[in-house]
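Colleague: I would like to go through the sheet and the charged pairs of this model. Please give the general idea each time, then the case at hand.

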Amino acid sequence: MSSEKGVVIFSKSSCCLSYAVQVLFQDLGVSPKIHEIDKDPECREMEKALMKLGCSKPVPAVFIGGKLVGSTNEVMSMHLSSSLVPLVKPYLC
């Protein structure tokens, strides 16, 4: 799933940080593909796989263009340093 083109966010429906990251991308004009892993029967396996890929926390896990960007801290740091918008520019609605 993470190899899909565009912005992909693995989240949990009850996670406020996941929601904040989703809203940020929507405010930037990007429609991310959201995978709410808590609604998937393979939730635990997905969490383990995301951690093995290098996520410090299983959610939110943000992929842009098939590459892992990171979690909330990494995404917000990129946004504050103005490096997020150029990265998502090809995926603007």
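Modeller: β3 and β4 pair in the antiparallel sense, over 3 bridges. The model is predicted, so to speak of local features requires pLDDT of at least 70 and side-chain atom pairs count only at pLDDT 80 or more, while totals for chains, interfaces and linings use all residues. Residues are numbered from 1 along each chain as its sequence is written, and side-chain values use heavy atoms, with hydrogens and water left out.

Colleague: What does pairing rest on, and which residue in β4 is the bridge partner of Phe63?

Modeller: Strands of a sheet pair through backbone hydrogen bonds, either parallel or antiparallel. Two strands count as paired if DSSP finds at least two bridges between them; strands are DSSP runs of E, at least two residues, and helices are runs of H or I, at least four, numbered from the N terminus. Here the partner of Phe63 is Leu68. The two strands form a hairpin with 2 residues between them, and Gly65 in the turn has a positive phi of about 60°.

Colleague: What is the strand order in the open sheet?

Modeller: The order of the 4 strands is β2-β1-β3-β4, with mixed pairing. β2 (33-36) and β4 (67-70) are the edge strands, each pairing on one side only. From one strand to the next the twist averages 25°; axes are lines fitted to C-alpha atoms, for helices over the stretch in contact, and angles run from 0 to 180 degrees between N-to-C directions. Helix α1 (residues 16-27) packs on the sheet, touching β1, β2 and β3, and its direction makes about 165° with that of β1. Contact here means heavy atoms within 4.5 Å.

Colleague: How many salt bridges does the structure hold?

Modeller: Side chains of opposite charge can pair when their charged atoms come close. The criterion is a side-chain nitrogen of Lys or Arg within 4 Å of a carboxyl oxygen of Asp or Glu. The structure holds 3 such bridges. One of them joins Glu47 and Lys12 at 2.4 Å, N to O. This pair links distant parts of the chain, with Glu47 in helix α2 (residues 43-53) and Lys12 in the loop between β1 and α1, 35 residues apart.

Colleague: Is Glu47 buried or exposed?

Modeller: Buried means under 20% relative accessible area, exposed over 50%, and partly exposed in between (1.4 Å probe, protein chains only). Glu47 counts as buried, at 10%, and Lys12 is partly exposed at 23%. Glu47 also forms a salt bridge with Arg44, at 3.0 Å between the closest N and O atoms. Arg44 is exposed, at 56%.
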